[in-house]
Amino acid sequence: MKKWSGFEKGINLGGWLSQCDYSRERLEHFIEEEDIKRLGSWGLDHLRLPVDYNVLRTDDGDFREEGFRCVKRAVEWCRKYGLNIILDLHKTAGYSFDKDEQESGFFVEESCQEYFYTLWEEIARRFSGYGDHIAFELLNEVTEEKTMDAWKRISGECIRRIRVIAPTTKILIGGYWNNSVAAVKALPLPVDENIVYNFHCYEPLIFTHQGAGWVDTMPADYRMSFDNDMSVFLDNTKKYLPDNMILLEPAKDIDHALDQEFFEKLFAEAIAVAEERDVPLYCGEYGVIDLASSEDTVKWYQSIHAVFEKYHIGRAAWNYKEMNFGIIDHHMDPVRKEVIRLL
């Protein structure tokens, strides 16, 4: 499969310019130069930077210079410490992957779509000069399959406009069900050689999000080990997260404990699509909640990374710090070195 050189091993800087209180203290100090220097010493080649639209624009639509300064500072730090960077628009006016944000209208209202296009044109004008050092991710985690036709049209127009300004910058696009690997087949055909197919993987969700308060129907006290047969994951998913059953369908016939084979089966269709269309495949988010045991977290990482490496799938783990998944947080103390080695 086509390899995306320079974006093979990464990590997310979630919670800095996205999913936060947007205070000056947060924007100025949650991530500082020493953090980027540390990440540069981990053997990574890139970082993924989620940014919310309101960091870059006011309610009136004017561009926020302080927000763009934060992004530019991150880009410059990455360049200083030998890291490439993906700028991920984590939410836009009228749409958020988080239903509690109560954003709506993006897929039907032309004003929201024009806002999206002009924001990306401004991002392209300011950052395309960094060449292969930078990539653009159009939008984080489209949720509903029914929006896919609209998303194909919107993303196509956005790519067209970006290409006027940044003809060769890599552009990432993902699909429905929160960038599910199952949605890769539904992505539009690449319009040029600089398109990257993007997916996220937190499967089995019943394991990686055990006890997660933001997941509907997930009991807060639910815990489980990674050392279970596939049948246990299926039974518990059906009981607690029935909507997630469809994502486990490719691996339903595994008759033993989860291992590399699970991810081989989950990714098989997407890998075939990417190979047929000669497009790099990239996993922009993956990880395990801090409520799982650190030992089980390592086993999950070992299994998924074996498949990433085998098929040259670039990736960025979620998350560097905090956000319930932080690699540098205390719950990872016993296994951090091993996980960093795997990244």
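In the predicted model, S294 counts as buried, because its relative accessibility is 9% and buried residues are those under 20%. The residue is placed in helix 12. Residues up to four places away in sequence aside, S294 touches H331, P334 and V335.

Helix 12, which spans residues 294-311, packs with helix 11, residues 260-277. The two axes come within 9 Å of each other and cross at roughly 40 degrees. Helix 11 and helix 12 are therefore oblique to each other. The crossing in which helix 11 passes helix 12 is right-handed. On the side of helix 11, the residues that meet helix 12 are Q260, F263, E264, F267 and I271. Their partners in helix 12 are W300, S303, I304, A306, V307, F308, K310 and Y311. Sorted by class, this contact between helix 11 and helix 12 has nine nonpolar, two polar and two charged residues. In general, an α-helix has 3.6 residues a turn, so residues three or four places apart point the same way.

From helix 5, the contact involves Q113, E114, F116, Y117, T118, W120, E121, A124 and R125. These residues meet W151, R153, I154, E157, C158, R161, I162 and I165 in helix 6. By class, the contact of helix 5 with helix 6 has nine nonpolar, two polar and six charged residues.

The largest nonpolar core of the model has 120 residues. Within this core, F116, W151 and F267 are the residues with the most contacts. Another core lies apart from it and has eight residues, among them I86, V196, Y282 and A316. For W151, the contacts beyond its neighbours within four places in sequence are F106, F107, F116, L138, L139, V142, I173 and G174. F116 is a residue of helix 5 and W151 a residue of helix 6, and both take part in the contact of these helices. F267 takes part in the contact of helix 11 with helix 12.

Helix 9 covers residues 230-240, and its buried residues are M230, F233, L234, N236, T237 and Y240. The buried residues of helix 9 pack against helix 8 (205-208), helix 10 (245-248) and helix 11.

Some features of the backbone were also examined. A cis peptide bond joins E203 and P204, with omega about -10 degrees. P204 is found in the loop that runs between strand 6 (195-201) and helix 8. A cis peptide bond also leads from W318 to N319, where omega is near 20 degrees. The loop that holds N319 lies between strand 8 (314-317) and helix 13 (336-342).

In accessibility, N178 counts as partly exposed at 30%, whereas N179 is buried, with a relative accessible area of 0%.

Notes
Residues numbered from 1 in each chain as written. Predicted model: local features only at pLDDT ≥ 70, side-chain atom pairs only at ≥ 80, totals over all residues. Heavy atoms only, no water. Axes fitted to C-alpha atoms, helices over the stretch in contact; angles between N-to-C directions. Helix = DSSP H or I, 4+ residues; strand = E, 2+ residues; numbered from the N terminus. Parallel < 35°, antiparallel > 145°, perpendicular 65-115°, else oblique. Left-handed = near helix turned anticlockwise from the far one by under 90°. Contact = heavy atoms within 4.5 Å. Nonpolar A, V, L, I, M, F, W, Y, C, P; charged D, E, K, R; others polar. Core = buried A, V, L, I, M, F, W, Y, C linked by side-chain atoms within 4.5 Å. Buried < 20%, exposed > 50% of the residue type's maximum accessible area, 1.4 Å probe, protein only.
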